[in-house]
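Visitor: I have a model open here and would like to go through one part of it. Can you walk me through a helix and the strands around it?

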Amino acid sequence: MALRNIVKDGDPILRKVCRPVEKFDERLASLLEDMAETMHAADGVGIAGPQVGMMRRLCVVDCYDDEGVIELVNPEIIAASGEQTGSEGCLSFPGKWGTVTRPMNVTVRAQDRNGNWFEISGEGLKARAFCHEIDHLNGVCFVDLAENVVDEEQEGTEE
């Protein structure tokens with residue numbers, strides 16, 4: 001496994017729609033493992049393909065619960081209900097936070113690293129993470145949806 005560079009705000013890759021994963025092989029497995037290691041090293045709860053420079057529809061999520069790392073290849077949200085509004089940040093936008101409204105519950109249909117389809121549901125933080133990462137695969141960043149965006153690096157500086 002290896003740490004990947006995290007693509008930062010301003011890189012056009014973050015605004016592009018990713019292509020589906022079609023090849024399920026050892027390279028994909030290694031990429032997913034690298035993504036999980038990179039996410040953990042950065043203290044994140046999720047990271048998507050474009051955030052490590054890969055224009056493929058894949059992401060990993062870890063809410064630090066009993067499920068551990070969840071790998072989602074070619075994910076799509078197939079059901080959503082309820083509503084939650086809360087603070088959200090992103091590894092690609094260090095120091096920025098904003099208030100985002102997301103569904104409270106979501107069900108995602110995705111493939112695993114071997115190409116097998118499965119469904120997984122999440123609520124609260126897990127639902128938020130699923131939505132946030134799948135948005136990345138469609139070129140949408142949390143700052144596009146957020147209200148009251150705060151940039152910790154800009155706070156306290158004069159213009």
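**Helix and sheet**

Guide: This is a predicted model. Helix H2, residues 125–137, lies across E4 and E5, running at about 55° to E4.

Visitor: How many residues does H2 have, and what span does it reach?

Guide: H2 has 13 residues and reaches 19 Å from its first C-alpha to its last. That is close to the 18 Å expected at 1.5 Å a residue.

Visitor: Is H2 largely enclosed or exposed, and why?

Guide: Twelve of its 13 residues are buried, so H2 is largely enclosed by the rest of the structure. Buried here means under 20% relative accessible area.

Visitor: Which residues of H2 are buried?

Guide: Among them are Lys126, Arg128, Glu133 and Asp135, and the list also includes Phe130, Cys131, Ile134 and Leu137.

Visitor: What follows H2?

Guide: Gly139 follows H2, and the phi of Gly139 is positive, near 75°.

Visitor: Now the sheet. What is the strand order?

Guide: The order is E4-E5-E8, three strands in an open sheet with antiparallel pairing.

Visitor: Which strands stand at the edges?

Guide: E4 (84–89) and E8 (147–151) do. Each has a single partner strand, so one side of each is left without a neighbour in the sheet.

Visitor: What does the twist average?

Guide: From one strand to the next, the twist averages 25°.

Visitor: Back to E4 and E5. How many bridges join them?

Guide: Six bridges join E4 to E5, residues 96–102, and the two run antiparallel.

Visitor: What stands opposite Gly89?

Guide: Trp97 in E5 stands opposite Gly89.

Key: Residues are numbered from 1 along each chain as its sequence is written. This is a predicted model: local features need pLDDT of at least 70, side-chain atom pairs count only at pLDDT 80 or more; totals for chains, interfaces and linings use all residues. Side-chain values use heavy atoms; hydrogens and water are left out. Two strands pair if DSSP finds at least two bridges between them. Helices (H or I, at least four residues) and strands (E, at least two) are DSSP runs, numbered from the N terminus. Axes are lines fitted to C-alpha atoms, for helices over the stretch in contact, and angles run from 0 to 180 degrees between N-to-C directions. Contact means heavy atoms within 4.5 Å. The expected span of a helix is 1.5 Å times one less than its number of residues. Buried means under 20% relative accessible area, exposed over 50%, partly exposed in between (1.4 Å probe, protein chains only).
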